[in-house]
Amino acid sequence: MRNDAPSGGSGTPQGHVGAALDRRGFTTRGLRLRAAAVVVALSLVPVGAAGFAVYRLTNVGGPDSVCDGAATADQLHDLLGSGRIGEHRRGFSATEESTGNSCTATVRSGLFGTSEKTVRFTPVRNAKDGPGALAASDARLFSGGSVGSVTPDGAWAVLPEGCDKGVRAEVRADVQGHDEARARLAAAFANGLAKARGCGNGALPAPTTLSEKGAETDPDWANLCGLPGFAPARNPEAQWRMPQQVTTATAPIWSCRIGGDPRYDSRVQEFAITTEPRTTALAWKESTAPGVGRAQWVADGTLVTTCQGKDVFFTVTGGITSGLEKPFLFPDQKDLVRQFLTAGGKAIGCEPIL
């Protein structure tokens, strides 16, 4: 039987929709098609918004690593949190240590990129300064096969055995804390540099633990820096409190600071013993200059000697009155160095140095 009712009749759903459109002024076919297009577009908004959110809030479709393999996306997220990853190079080359050679990785979060955290990767070669320049007294040192440290300002790891000595991978982030994550990032960067340079006798393992940060205490002037018998004569004018801070681990760099912040006070005296030769490019050299016992001067404030057949560096820096270039806390610097070599060498099991 034929149905003669019109397809858009008021008794059908289509009829109800048509009547509704008529009441809203959509009385022609063109207007009705435009209305249908608007409805379809509106229905797609949640899908587009979801895609926009995924792009902004995650790294979907983003790089798996940054800065020529300096770090993976997972390592960056571990330190900086989730978000979209990018990078900015400043003359960056994984095979050079030129001034300004760095690569900055960014993680942006928020729908409109309102939050950005960064970490800067820099390969550094220590060719002139003694390894004591790395010996921050507030450092937390690596253990577990990698050589490096973490401070509030940054982290560094020395390249693996078989690469040039004195080259380190330095990481600086604009986030505080997260010491373990920064240590892992420094070791990963060191491995990336070694791979790019085709050097190294094996990859560095991720640091297993970090030493505790040394606490500030009042010095024991008869056993300075915790070294038995280390008692250099002090300047009687140095009467105010001089705090002492000593690293809690002895390798690769043990260090001790007497006084305040060395960035602002030249009177601060610092000591360091470096038991890992890979931390510096300094080495024994032909010289007619007098040494101190078995130790030879190789840089300002740094001597090298051997302990159980291995090169070890002793560094004494600072301790002067700003502008006058004269000793302040310990006026007899020669005696200070001799006592430090004696007490420090004994503490790490050296044969007699003097």
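Predicted model: local features only at pLDDT ≥ 70, side-chain atom pairs only at ≥ 80, totals over all residues.
A disulfide here is a pair of cysteine sulfur atoms within 2.5 Å.

**View A. The Cys163–Cys199 link.** The two sulfurs sit 2.0 Å apart, and the link is right-handed, with 90° about the S-S bond. Cys163 comes from the loop between E8 and E9 and Cys199 from the loop between H4 and E10, so the bond ties together parts 36 residues apart in sequence. Cys163 is buried at 10% relative accessible area, while Cys199 is partly exposed at 21%.

View B. Cys225 is buried at 4% relative accessibility, and Cys256 is buried at 1%. Gln244, in strand E12, puts its side chain 3.0 Å from the backbone nitrogen of Cys225. Contacts of Gln244 also include Cys256, Arg257 and Ile258. With 8% relative accessibility, Gln244 is buried too.

**View C. Cys307–Cys350.** Here the sulfur atoms are 1.5 Å apart, and a torsion of about 70° makes the link right-handed. Cys307 sits in strand E16 and Cys350 in the segment after helix H5, 43 residues apart.

**View D. The largest nonpolar core.** Of its 37 residues, Val66, Leu76, Leu79, Val119, Phe121 and Phe189 touch the most other members. Helix H4 gives the most to this core, with eight residues. Among the contacts of Phe189 are Ala70, Phe92 and Phe121. Another core, of 29 residues, lies apart from it and includes Phe230, Cys256, Ile258 and Ile273.

Definitions and conventions
Residues numbered from 1 in each chain as written. Heavy atoms only, no water. Helix = DSSP H or I, 4+ residues; strand = E, 2+ residues; numbered from the N terminus. Buried < 20%, exposed > 50% of the residue type's maximum accessible area, 1.4 Å probe, protein only. Polar contact = N/O pair within 3.5 Å; in protein donor to acceptor, adjacent residues only side chain to side chain. Contact = heavy atoms within 4.5 Å. Core = buried A, V, L, I, M, F, W, Y, C linked by side-chain atoms within 4.5 Å. Lists of a residue's contacts leave out its neighbours within four places in sequence.
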